Amino acid sequence: MLGLEFDSYKEFSSTEVYEKIKKILLKNKILVATYGLENNVLRFIPPLNITKKQIDEIIKILNKSILEFYEQVNTI
């Protein structure tokens, strides 16, 4: 299990940042769990038999999703 905690950004709270990125991930078919006291932690729970290729693909989609979030909020 891995977790990625988000902090606040501009006028968005850490929870709002998390929710926006989570929606983008879901759009890209990546399912994550919510965790943390402020509900701002993406929790990845991959199967034990995940391959390196699958991990690389998830990281690529995660990076793309975070960049998409920053592009959206920086155009507001």
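**View 1. Contacts around Val-32 in the predicted model.** Once its neighbours within four places in sequence are set aside, Val-32 is in contact with Tyr-18, Lys-22, Leu-25, Leu-42, Arg-43 and Phe-44. The model shown here, as in every view that follows, is a predicted one. Val-32 also belongs to the largest nonpolar core, which has 16 residues, and it is listed with Phe-6, Ile-21, Leu-25 and Leu-42 as the members that touch the most others. Helix H1, strand S3 and helix H2 each supply at least two residues of this core.

**View 2. Helix H1 and its buried face.** Helix H1 covers residues 14-27, and its 14 residues should span 20 Å at 1.5 Å a residue, which agrees with the 20 Å between its end C-alpha atoms. The buried residues of H1 are Ser-14, Val-17, Tyr-18, Ile-21, Lys-22, Ile-24 and Leu-25. Seen down the helix axis, these buried residues fall within an arc of 160°, so they line one face of H1. What covers them includes strand S2 (33-35), strand S3 (41-44) and helix H2 (52-74), whereas the face turned away from the buried side carries the exposed residues Lys-23 and Lys-27. After the helix comes Lys-29, whose phi is positive, near 65°.

**View 3. Lys-22, a buried lysine without a salt bridge.** Lys-22 lies in helix H1, and although it is buried it has no salt bridge, the nearest side chain of opposite charge being that of Glu-19, 4.8 Å away. Apart from neighbours within four places in sequence, Lys-22 is in contact with Val-32, Thr-34 and Leu-42.

**View 4. The salt bridge between Lys-27 and Glu-68.** The structure holds 3 salt bridges, and in one of them the side chains of Lys-27 and Glu-68 meet at 2.7 Å, N to O. This pair links distant parts of the chain, with Lys-27 in helix H1 and Glu-68 in helix H2, 41 residues apart. Lys-27 counts as exposed at 53% relative accessibility, while Glu-68 is buried, with a relative accessible area of 18%.

View 5. The side chains of Asp-56 and Lys-52 meet in a salt bridge of 2.9 Å, N to O, and, being 4 residues apart in H2, the two are separated by about one helical turn. Asp-56 is partly exposed at 37%, and Lys-52 counts as exposed at 59%. A further salt bridge joins the side chains of Lys-60 and Glu-57 at 3.7 Å, N to O, and these residues lie 3 apart in H2, about one turn of the helix.

Note on methods:
Residues numbered from 1 in each chain as written. Predicted model: local features only at pLDDT ≥ 70, side-chain atom pairs only at ≥ 80, totals over all residues. Heavy atoms only, no water. Expected span 1.5 Å × (residues − 1). Buried < 20%, exposed > 50% of the residue type's maximum accessible area, 1.4 Å probe, protein only. Arc of directions from axis to C-beta. Contact = heavy atoms within 4.5 Å. Lys, Arg positive; Asp, Glu negative; His and termini not counted. Salt bridge = Lys/Arg side-chain N within 4 Å of Asp/Glu carboxyl O. Core = buried A, V, L, I, M, F, W, Y, C linked by side-chain atoms within 4.5 Å.
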